[in-house]
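Student: I'd like to learn how to read a ligand site in a model. Could you walk me through one?

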Amino acid sequence: MLDIKITKTTAPKEKPVDSPKMSFGKTFSDHMFLMDYNPEQGWHDARIVPYAPFQLDPACVVFHYAQELFEGMKAYRSVDNTIQLFRPECNGARMQDSSERMCIPKIPVEDYVQAVKALVEVDKDWVPHSEGTSLYIRPFVIATDVGMGVHASHNYTFCIICSPSGAYYAEGIDPVRIYVEDEYIRAAPGLTGFTKCGGNYAASILAGALAEKKGFAQVLWLDGVEKKYVEEVGSMNIMFKIDGKIYTAACTGTVLPGVTRRSCIELLKDWGYEVIEGKLAIADVMKAGHEGRLEEVFGTGTAAVVSPVKELDWKGDKVFISDGKIGPVTQKLYDTMTGMQWGKLPDTKGWIVPVCKG
Ligand code: COI
């Protein structure tokens with residue numbers, strides 16, 4: 001159990017206009033959580049302080065060798081004005097897995113969840129009220145040793161910041177166009193694909209920018225060895241409904257084990273769908289599309305929730321899905337996930353963790 005020292009701001013910031021059209025991740029709440037690590041004390045000095053820039057030595061390891069990791073979560077304001085989280089322990093556990101791969105000392109899951117809850121409670125007025133909005137929570141750890149040697153840092157800072165946000169995509173829940181990336185890759189066996197480290201995202205930016213220029217919301221990554229099997233999309237996992245069955249890439253090291261992904265799989269199985277986690281060739285997806293058997297495609301992620309895909313473009317070959325509309329399974333998943341998250345539906349799965357009254 002952490003002993004968290006709280007210092008509140010004396011100069012609260014103006015909040016952004018509370019509307020369903022709020023942007024994603026552009027403004028930040030009044031406070032942040034900080035905790036430091038050194039080999040003598042371990043993780044120590046847990047505190048909540050006014051949100052402010054860091055002062056860091058330009059030679060810090062994180063700036064040069066990107067030894068860092070992050071998480072993504074949301075706090076929701078429910079219909080009865082409870083501020084609540086969705087499966088925060090899953091993010092805490094995933095951060096431990098990322099930590100191991102990135103040589104970063106682990107934070108106990110209970111401490112992680114306690115820190116998130118404490119910050120959300122202090123900044124509860126920043127959880128927006130409008131339909132479809134939430135307080136996006138961004139926990140991250142950075143390596144703070146000073147020096148140019150390429151080795152694990154001895155010192156780290158864990159920080160959590162929060163951003164009142166609307167939908168991740170400008171399209172909201174409207175179906176998006178996805179470009180199947182055939183040149184660049186995101187991950188390969190033995191690399192860091194399963195972690196939430198910034199380097200994975202840095203490596204994806206060029207492909208994302210090129211796809212955006214062509215009018216696509218994001219890229220669909222293929223496996224890094226044969227460029228044959230579907231893996232994930234820029235900021236979410238992806239699922240395909242073909243002939244009534246749901247297919248998604250297995251989490252075998254190259255795909256992010258998404259919390260929304262696993263929750264959707266559980267719901268789909270509850271509803272009687274066969275869910276196949278394994279290798280799915282992009283050629284088979286396109287073939288199913290041309291034969292009218294590709295019934296729905298949707299992404300899943302904390303930021304995007306459940307996001308329908310209306311078009312896939314692979315080397316100039318295009319398939320259009322669900323007549324450009326959101327399919328029934330995608331809609332049901334979206335309604336069920338957001339229904340539980342915003343307290344409009346009962347939490348039949350035990351996934352909701354209340355923080356405080358709003
Ligand atoms: C999330 O869904 O929370 C993510 O971390 C994706 C992000 C890169 C926007």
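**Reading the ligand site**

Tutor: Happy to, and keep in mind that this is a predicted model. Start with polar atom pairs: a polar side-chain atom of Tyr136 lies 2.6 Å from an oxygen atom of the ligand.

Student: Which other residue has a polar side-chain atom 2.8 Å from an oxygen atom of the ligand?

Tutor: That is Lys196, whose polar side-chain atom is 2.8 Å from a ligand oxygen. The backbone takes part in such a pair as well: a polar backbone atom of Ala303 lies 2.8 Å from an oxygen atom of the ligand.

Student: How much of the ligand does the protein bury?

Tutor: Here you compare the ligand alone with the ligand in place. Alone, the ligand exposes 280 Å², and the protein buries 91% of that. The ligand sits in the largest pocket.

Student: What surrounds the ligand?

Tutor: The surrounding residues include Phe70, Gly72, Arg138, Tyr168, Tyr201, Ser235 and Thr302. By class, the shell has 5 nonpolar, 3 polar and 2 charged residues.

Student: Where in the chain do the shell residues come from?

Tutor: For that, look at the domains. The chain is divided into domain 1 (5-170) and domain 2 (176-341), and each of these gives at least three residues to the shell around the ligand.

Student: How far apart are the C-alpha centres of domain 1 and domain 2?

Tutor: Those centres lie 26 Å apart. The contact between the domains takes 22 residues from domain 1 and 30 residues from domain 2.

Notes:
Residues numbered from 1 in each chain as written. Predicted model: local features only at pLDDT ≥ 70, side-chain atom pairs only at ≥ 80, totals over all residues. Heavy atoms only, no water. Near = heavy atom within 4 Å. Polar contact = N/O pair within 3.5 Å; in protein donor to acceptor, adjacent residues only side chain to side chain. Areas by Shrake-Rupley, 256 points an atom, 1.4 Å probe, with all protein chains shown as cover. 1 Å grid on protein atoms, 1.4 Å probe; cavity = no way out; pocket = protein on both sides within 12 Å on 5 of 7 lines; lining within 4 Å. Sits in = over half its atoms within 2 Å of the grid points. Nonpolar A, V, L, I, M, F, W, Y, C, P; charged D, E, K, R; others polar. Domains from an automatic or database assignment. Contact = heavy atoms within 4.5 Å.
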